[in-house]
Amino acid sequence: MSVGGGGSGLLDVGPFDNDDAAADFAGELDAVTADARIEMVGRVLGRVVTANNDVNMWHIPKAVAAAALIAAQCPGGEATGPIYGPSTPMPPLESCGKGL
């Protein structure tokens with residue numbers, strides 16, 4: 001069950017269900033073209049990967065959500081956030097994330 005929590009974000013177990021930043025990221029993805037969506041996923045993941053132990057805590061929920069979008073397209077991957085995730089399907093991402 002999802003529960004709103006006194007301005008503390010969303011509470012649930014899905015990659016888009018546990019933080020307002022991830023849900024906002026889903027909305028940002030829905031607002032752009034398919035090509036821009038692929039670039040956004042790569043940019044969000046790149047920001048965390050290249051942070052050198054200085055990761056901005058607000059980038060982490062977006063990176064988890066972006067990784068879930070890639071994993072969802074891999075064999076056996078689970079659908080992402082039917083409530084708070086992107087409402088527009090992601091375009092195919094290259095080889096389950098290789099090359100992003």
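This tour goes through the structure one selection at a time.

**Start with the whole chain**

Keep in mind that this is a predicted model. Show the whole protein chain as a cartoon. It holds three helices and two strands. Now trace the chain along its sequence. The pattern you follow is β-β-α-α-α. The chain has 100 residues, and buried residues make up 35% of them.

**Select helix 1 and helix 3**

Pick residues 20-30 for helix 1. How do two packed helices get described? The angle between their axes and the distance between the axes are used. For helix 1 and helix 3, the angle is about 55 degrees. Their axes are 8 Å apart. Helix 1 and helix 3 are therefore oblique to each other. Is their crossing left-handed or right-handed? The crossing of helix 1 and helix 3 is right-handed.

Keep helix 3 on screen and select residues 34-49, which form helix 2. The axes of helix 2 and helix 3 come within 9 Å. They cross at roughly 130 degrees. This pair, helix 2 and helix 3, therefore counts as oblique too. Turn the view and check the handedness. Helix 2 and helix 3 make a left-handed crossing.

**Find the salt bridges**

Side chains of opposite charge can pair when their charged atoms come close. How many salt bridges does the structure hold? There are two salt bridges.

Select Lys-62 and Glu-28 for one of them. Their closest N and O atoms are 3.7 Å apart. Lys-62 sits in helix 3 and Glu-28 in helix 1, so this pair ties together parts that are 34 residues apart in sequence. Is Lys-62 buried or exposed? Its relative accessibility is 18%, so Lys-62 counts as buried, the cut-off being under 20%. Glu-28 is partly exposed, with a relative accessible area of 34%.

Move on to Arg-37 and Asp-30, which also form a salt bridge. Here, too, the closest N and O atoms are 3.7 Å apart. Arg-37 has 2% relative accessibility and counts as buried. Asp-30 is partly exposed, at 27% relative accessibility.

**Look inside helix 2**

Select Val-41, which is found in helix 2. What is its relative accessible area? The value is 0%, so Val-41 is buried. Val-41 and Leu-29 are 12 residues apart along the chain, with their C-alpha atoms separated by 8.6 Å.

**Go back to helix 3**

Select Ala-68, which has its place in helix 3. Ala-68 is buried, with a relative accessible area of 15%. Ala-68 and Gly-14 are 54 residues apart in sequence. Yet from C-alpha to C-alpha, Ala-68 and Gly-14 are 9.1 Å apart in space.

Ile-60 counts as partly exposed, at 41% relative accessibility.

Which residues make a nonpolar surface patch with Ile-60? Select Val-55, Met-57, Trp-58 and Val-64 along with Ile-60. Together, these residues make a patch of about 490 Å².

**Finish after helix 3**

Follow the chain past helix 3 and select Tyr-84, which is found in the segment after this helix. Tyr-84 counts as partly exposed, at 28% relative accessibility. How many residues apart are Tyr-84 and Ala-22 along the chain? They are 62 residues apart, while their C-alpha atoms are separated by 8.3 Å.

Conventions
Residues numbered from 1 in each chain as written. Predicted model: local features only at pLDDT ≥ 70, side-chain atom pairs only at ≥ 80, totals over all residues. Heavy atoms only, no water. Patch = residues over 30% accessible without salt bridge, like charges linked within 9 Å, V, L, I, M, F, W, Y side chains within 5 Å. Areas by Shrake-Rupley, 256 points an atom, 1.4 Å probe, with all protein chains shown as cover. Salt bridge = Lys/Arg side-chain N within 4 Å of Asp/Glu carboxyl O. Buried < 20%, exposed > 50% of the residue type's maximum accessible area, 1.4 Å probe, protein only. Axes fitted to C-alpha atoms, helices over the stretch in contact; angles between N-to-C directions. Helix = DSSP H or I, 4+ residues; strand = E, 2+ residues; numbered from the N terminus. Parallel < 35°, antiparallel > 145°, perpendicular 65-115°, else oblique. Left-handed = near helix turned anticlockwise from the far one by under 90°.
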